[in-house]
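Q: I'm new to this one. Can we walk through it together?

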Amino acid sequence: MKTQRFIKTSSLSLAATFFLLTMTSLTWGQISLGTSPFTENFDGVGAGLPTGFTVRTGATATNLGTTATFVTTQTTFGSATGQFANYASADGLTSASTPAQQNASTDRVIGLRQTGTFGDPGAAFVLQLAKTTGKSSFSLAFKFQTLSEQTRDTTFTVDYGLGASPTTFTPVTTVTSGTFGSQTVTANFGTALDNQSGPVFIRIVALTGSSGTTGSRDTVAIDDLSLAFTSPTAATVNLSGRVLSANGRGISRAVVSMTDGDGNRRLAFTNNFGYYLFENVQVGQTVILDVRSKWLSFTQPTQVIVLTEDATTVNFRTY
Ligand SMILES: [Ca+2]
Ligand SMILES: [Ca+2]
């Protein structure tokens, strides 16, 4: 059995508008993925963290951690205050760049300075995806930067947890702070994040304490994050039918036009038996079919079809 749905065209109702607004508010604070890749350069962190990003302390392998304050004030590499803050990116600067040069940089990052009482261990940069339905093969790339090299080093783990409040996190790769500058980190999630109907958390987290027993911790940061994934290419279907006289005879050389969801129009002529055919029409969209003739009038000259599979009997009849 074919499934064709004929829908009435009507203006968006108040109820539908309210529903859409509600849907938007449900995903507030999470990243709603569009096309791949999702990217974030953090250059706007002077106004706050981007949607879907949090900074946390108290994170462990079984605990997401508690949301920490992000300091939006421009902070310099040498600041010894334990906090997450808005720093200049290492890109284009050196460890000797002055505070004025750092503050002049529009290339910003989410930075972290750990101390004995702040985030060592347990500091985490966290991004939250609303869902990954229909998406697969996730891989993450970002710049891990050391902005101030101190005696101790900290190893950060890239891990992920699934669901609204995950208590299990799976490590994927690690990176350790070092000399001033950027390291590019890539994390391939395989199929682990595919097609999740609920939230997905990805963390860059200090699960273990910094190395060494004396001295300060490095100031580190993340920049230029990119999350790539694949979306299935939409399947196509064929749309066909006949143009018939009132007594059921096929009408040849009738013109049927199809307007797709993007407003593109295609034309097809009926053959000697009244059959027309549109091939390779993207499934899942609503199309409008029109039949026109100078000499004939039709009972239903316009039909609106929601394409879910091949449609083979979209017929038109004359009076
Ligand atoms: Ca940046
Ligand atoms: Ca160090």
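Here is a short chat about the fold, its cores and a few of its strands.

Q: Before we start, what kind of model is this?
A: This is a predicted model.

Q: Okay, how many helices and strands are there in the protein?
A: The protein has two helices and 21 strands.

Q: And what box do the C-alpha atoms fill?
A: Taken along the principal axes, the box is roughly 95 × 40 × 35 Å. The radius of gyration is 28 Å, whereas a compact globule of 319 residues would have one near 20 Å.

Q: Which domains does the domain assignment give?
A: Domain 1 covers 14-230 and domain 2 covers 236-317. The C-alpha centres of domain 1 and domain 2 are 52 Å apart.

Q: Switching topic: which residues touch the most other members in the largest nonpolar core?
A: Those are Ile110, Tyr160, Ala221 and Ile222, in a core of 51 residues. Strand β14 (residues 219-230) gives this core its largest share, six residues. There's another core lying apart from it, with 17 residues, including Tyr276 and Phe316.

Q: Back to Tyr160, what does Tyr160 touch?
A: Leaving out residues up to four places away in sequence, Tyr160 touches Phe169, Thr170, Val172, Phe189, Ala192, Leu193, Val200, Phe201 and Ile202.

Q: Now the sheets. What's the strand order in the open sheet of three strands?
A: The order is β18-β15-β21, with mixed pairing.

Q: Why is one side of β18 and of β21 left without a neighbour in that sheet?
A: β18 (275-282) and β21 (316-317) stand at the edges and each has a single partner strand, so one side of each has no neighbour there.

Q: How many bridges join β15 to β21?
A: Two, and strand β15 (residues 236-244) runs parallel to β21. Leu244 sits opposite Arg317 in β21.

Q: What about strand β19, which side chains are buried there?
A: Val287, Leu289 and Val291 are buried and point to one face of β19 (residues 286-292).

Note on methods
Residues are numbered from 1 along each chain as its sequence is written. Chains are lettered from A and ligands numbered from 1 in the order in which they are written. This is a predicted model: local features need pLDDT of at least 70, side-chain atom pairs count only at pLDDT 80 or more; totals for chains, interfaces and linings use all residues. A nonpolar core is a set of buried Ala, Val, Leu, Ile, Met, Phe, Trp, Tyr and Cys residues joined through C-beta atoms within 7 Å. A residue is buried if 20 or more other C-beta atoms lie within 10 Å of its own, exposed if 12 or fewer, and partly exposed in between; C-beta atoms are placed from the backbone. Helices (H or I, at least four residues) and strands (E, at least two) are DSSP runs, numbered from the N terminus. Two residues are in contact if their C-beta atoms, placed from the backbone, lie within 7 Å. The radius of gyration is taken over C-alpha atoms; the globule rule is 2.2 Å times the number of residues to the power 0.38. Domain bounds come from an automatic or database domain assignment. Two strands pair if DSSP finds at least two bridges between them.
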